[in-house]
Amino acid sequence: MDMGVVRDIEVNGKEVLVKITPTYSGCPAMDMIAADIKIALDKEGYQTKVELILSPAWTTDWITENGRQKLEEYGIAAPLTESADKLALTGESKLVKCTNCGSNNTTMVSQFGSTACKALFKCIDCLEPFDYFKCLK
Amino acid sequence: MLGDNSMILGHRLSELCGHGPSLETDIALTNISLDLFGQVRHYFQYAAKIKGAETTEDNIAFLRLPNEYKNTLLVEQPNTDLAYVIARQFFYDVYHLLLLDQLINSTDKQIAAIATKSIKEVKYHTRFSSQWVKRLGDGTAESHEKMQTAIDYLYPYTADLFKETPLEVSLKEAGIGADLTKIKESWLTQVKSVLEEATITFPENPYGHVGGKEGVHSEHLGYILSDLQYMQRAYPNMTW
Ligand SMILES: [Zn+2]
C-alpha cells in the first residue's frame with residue numbers, strides 16, 4: 001500500500017479482487033507479494049484473486065510519506081525528485097543523505113544496486129554503504 | 001520480434017552473472033538482464049492470451065524451434081569481451097529506447113502499456129551503456145582500441161534492426177507497430193554523437209547482415225537455445 005503497488009481492491013461479498021502493479025518489469029518480488037496477499041486474505045475467509053496490471057505504469061511518486069519513512073528506517077534512501085535524482089546519479093551534486101549518519105557527503109558506487117530499483121551509494125563520512133531508491137517516472 | 005530481442009539479449013547478459021569484469025558491471029548487466037526478462041514476460045503473457053488454448057508464456061519462451069525465433073542478429077552475438085558486451089548493448093539500447101518511444105502511442109492498448117512501463121527502465125540501460133562506450137573509448141590506448149574493434153565488428157549487425165519485414169510494414173500501417181525509417185535516422189544521430197565523444201571513429205561500412213527477424217540466424221543462436229531450452233526439453237512442463 002505504502003509503495004503504491006496495490007492499485008485497486010474490489011470486494012464482492014466474500015470475493016476479493018486485488019490489482020497490483022510491478023515497480024520494475026522484472027521485479028522478482030511480484031509473485032511473492034501476490035502470494036502473500038492471497039494467503040493473508042484467504043486466512044480471513046475471503047476468496048482472493050490477485051491480478052497484475054501494467055497501466056498506468058508505476059512511478060516512485062506513488063510511494064507515500066509513510067512508505068518513504070519506512071524505507072529510510074530500513075536503510076534505503078528514499079527517491080529524490082526527478083531533477084535532483086539526475087544530478088545525484090551523474091555525480092554532479094551530493095544530494096543523497098546517508099541512512100546511517102544523515103550526512104550528505106555521499107558518493108555513488110554503482111548505478112545499479114542489489115536490485116534493479118536501487119543504486120549503490122557509500123557515505124564518505126561514516127563509510128557505510130547503503131542503497132538509494134532510484135527515481136522512476 | 002521485440003520480445004525475442006529482449007529474451008535473447010537478456011540471456012546473453014545473464015551468462016555474465018558472476019563473471020562480470022568488476023562488481024559494478026556484473027550487477028548492472030544482470031540487472032539489465034532482469035529488466036529485459038520482466039518485459040519479455042509481459043509480451044509473452046499477452047501473446048499467449050491472444051493465442052489462447054493451451055499456449056502459455058513458457059511454451060513461447062522455451063519450446064520454439066530456432067527459425068521461429070525472430071530476434072535480430074545483433075543480440076545473439078557472443079560476449080567476446082567487455083567492449084563487445086558494451087557495444088552490443090549500446091547499439092541495442094539506443095534502438096530500443098526509440099522503438100518504445102513510438103510504441104507508447106500504439107493503437108494496441110496492451111502494447112502501449114508495456115512500452116510505457118519498459119521505457120522508464122530502458123532509459124537507465126541507455127545511460128549505462130553510453131557512459132561505458134565513452135569511458136572505454138576515451139580511456140587508455142588499449143581500451144580505446146578494444147572499443148573501436150567491437151564497434152567495427154558489431155556495426156554491420158545493426159542493419160538487421162532496421163530491415164523492415166512485411167509483418168512490420170503491416171503493423172506500422174495498422175498503427176500498432178513503429179516506423180523503422182524514422183527510428184534509423186534518430187539512431188544514427190545519437191550513435192554518432194556518443195561515438196564522437198568517445199573518440200571512436202564511426203564505421204562507414206556499407207555492408208549489413210540481415211535475416212534474424214525472418215528466422216535466419218547466425219550459428220550462435222543454436223547454442224543459446226540448447227542452453228535456454230535444456231530444462232523444458234529434458235523435463236517437459238517442469239516448474240520450480
Ligand atoms: Zn554516513
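Start in chain B of this predicted model and select Ser106(B), which sits in the loop between α4 (82-103) and α5 (109-137). Color by accessibility and Ser106(B) comes out as buried, at 10% relative accessibility. Now show its side chain: it reaches the backbone nitrogen of Asp108(B) at 3.0 Å.

Next stop, the cysteines. How many disulfides does the structure hold over all chains? The count is 0. Select Cys117(A) and Cys27(A) to check one case: the sulfur of Cys117(A) has its closest cysteine sulfur in Cys27(A), but they are 6.5 Å apart, so that is too far for a bond, given that a disulfide needs the two sulfurs within 2.5 Å. While you're there, note that Cys117(A) is buried, with a relative accessible area of 13%. Then pick Cys17(B). Its closest cysteine sulfur is also in Cys27(A), and at 17 Å this pair is too far for a bond as well.

Select Met1(A), Ile9(A) and Val11(A): together they make a nonpolar surface patch of about 330 Å². Zoom in on Val11(A), which lies in strand β1 (residues 6-12) of chain A. Is Val11(A) buried or exposed? With 56% relative accessibility, Val11(A) counts as exposed, because the cut-off for that label is over 50%.

Terms used. Residues numbered from 1 in each chain as written. Chains lettered and ligands numbered in written order. Predicted model: local features only at pLDDT ≥ 70, side-chain atom pairs only at ≥ 80, totals over all residues. Heavy atoms only, no water. Buried < 20%, exposed > 50% of the residue type's maximum accessible area, 1.4 Å probe, protein only. Patch = residues over 30% accessible without salt bridge, like charges linked within 9 Å, V, L, I, M, F, W, Y side chains within 5 Å. Areas by Shrake-Rupley, 256 points an atom, 1.4 Å probe, with all protein chains shown as cover. Salt bridge = Lys/Arg side-chain N within 4 Å of Asp/Glu carboxyl O. Helix = DSSP H or I, 4+ residues; strand = E, 2+ residues; numbered from the N terminus. Polar contact = N/O pair within 3.5 Å; in protein donor to acceptor, adjacent residues only side chain to side chain.
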